[in-house]
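Here is a short briefing on aromatic contacts and salt bridges. Keep the model open beside the text.

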Amino acid sequence: MIYHPYQVAIAIALAIIAEVAIMLPLIRFLRTGWFAKRRDVLDGLSGEACRAYFEMFSCYQEPESGKEREAFEKMYTRWYGRKMFIAPGLLLFGVSSFAVFAVAFSVVEMLYYKTSPYFPLPAPAVAALSGAYMWVVDDQISRCRRLDMAPSDLHWGTLRLLIAVPMGYAFAAIVTDGLAPFVAFALGAFPISALTNMLQRTSNRVLQIEPKNEEVRDGIVKLQGTDRAIVDRLAIEDVRTVLQMAYCDPVHITMRSNLSFNFITDLMNQALVRLYFGTGCDAITPMGMRGAVEIRHFIEELDSDDTKPEAVHDRELARNTLPALAAALGLTEHATEQALRQIAYDPFTYFLYQIWTLPKGACPTRSGHQGLPVLAAEDLPKAA
């Protein structure tokens, strides 16, 4: 066997570069992306909103008056701080280091440069690990760019590397020897969910098992801004129904799903209305009743006793809108008002209302309403 030290050194250097490539997105996320995600949550919470959050989701913790935001930041750091990435990151580093060096030295031995210090890997195993490495690096880079990285994602990457070889051999066994490395590499580059589905279909075909029908999804997919990918992403966090969406902890779901905080709270806002009206909420959305916070504003305008011209205008507009809402929902005015009040004063609506209320002076004045005609019920949109 011919010994070529320069080729071996190059192989080691390439292995080190490969390891840096797989860990660099995590390092960058912890240096910059994590702080951006933190601001996404904290910038949307005033002191009043932080207190409302503790009252709603952490009633055991009562922060001192005026220190609600500081207490929330401590709670956030304790549950979602960068320290949560240490153990998963070290595990990914260890597994990926072994994988890239095993592949590098196995290739060196295949080229007759030097005997591998590890146990030599056959071609299908090298191909499977290479494909899994490609998938993990691509996933890490894309997540870092989208600020969409959680400790669980590092665990998924570690698992992907660990199962690459047995999964590659499992599928390569059904093809010819010449195609085995290609199949192993190609399947190594597949996401775990796709591999699981392929394995289930193959097993069902070989064992002649009748596959079960897929579970019918709840109406959460009908919320504005969602699609199948979003629904599946929420389902991973055990949010599968409108009820779960309406009464979830938005901070927990934001950090676990890596969707934006504003997006999660908007889905909660819509889900609270859909709980009461079902598909009927689609008929009142064009009237401004898109979510629970909008209904809260509507009830406040309806109950206002302010004598300012703009407040009088808003009150009359709300009173004239109520019959149209009742007609769209197919209910009486009293029943409609009762349902709207239940939504408006739901504790979760109050929490969302605190999040979406801007500080005084930050919201445009409503003086522009002066002089505008107040629409009567017959002038408002009719139910389809």
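The whole structure holds 13 aromatic pairs (Phe, Tyr or Trp rings, the last by its six-membered ring, with centres within 6.5 Å; planes under 30 degrees apart are stacked, over 60 edge-to-face, the rest tilted). The model is predicted: local features need pLDDT of at least 70, side-chain atom pairs need 80 or more, and totals for chains, interfaces and linings use all residues. Residues are numbered from 1 along each chain as its sequence is written, and side-chain values use heavy atoms, without hydrogens and water.

**Aromatic rings**
- Phe57 and Phe351 pair edge-to-face, at 5.5 Å between centres and 80 degrees between planes.
- This pair joins distant parts of the chain: Phe57 sits in helix 2 and Phe351 in helix 18, 294 residues apart (helices are DSSP runs of H or I, at least four residues, numbered from the N terminus).
- Phe351 is buried at 1% relative accessible area (buried is under 20%, exposed over 50%, partly exposed in between; 1.4 Å probe, protein chains only).
- Ring pairs tie Tyr53, Phe54, Phe57, Phe72, Tyr247, Phe348 and Phe351 into a cluster.

**Salt bridges**
- The count is 17 salt bridges (a Lys or Arg side-chain nitrogen within 4 Å of an Asp or Glu carboxyl oxygen).
- Lys74 and Glu70 form one, at 3.6 Å from N to O. Both lie in helix 3, four residues apart. Lys74 is exposed at 53%, while Glu70 is partly exposed at 41%.
- Asp148 and Arg146 meet at 3.0 Å, N to O. Asp148 is buried at 3%; Arg146 is partly exposed at 47%.
- A salt-bridge network links Asp139, Arg143, Arg146, Asp148, Asp153 and Arg233.

Technical notes. Helix = DSSP H or I, 4+ residues; strand = E, 2+ residues; numbered from the N terminus.
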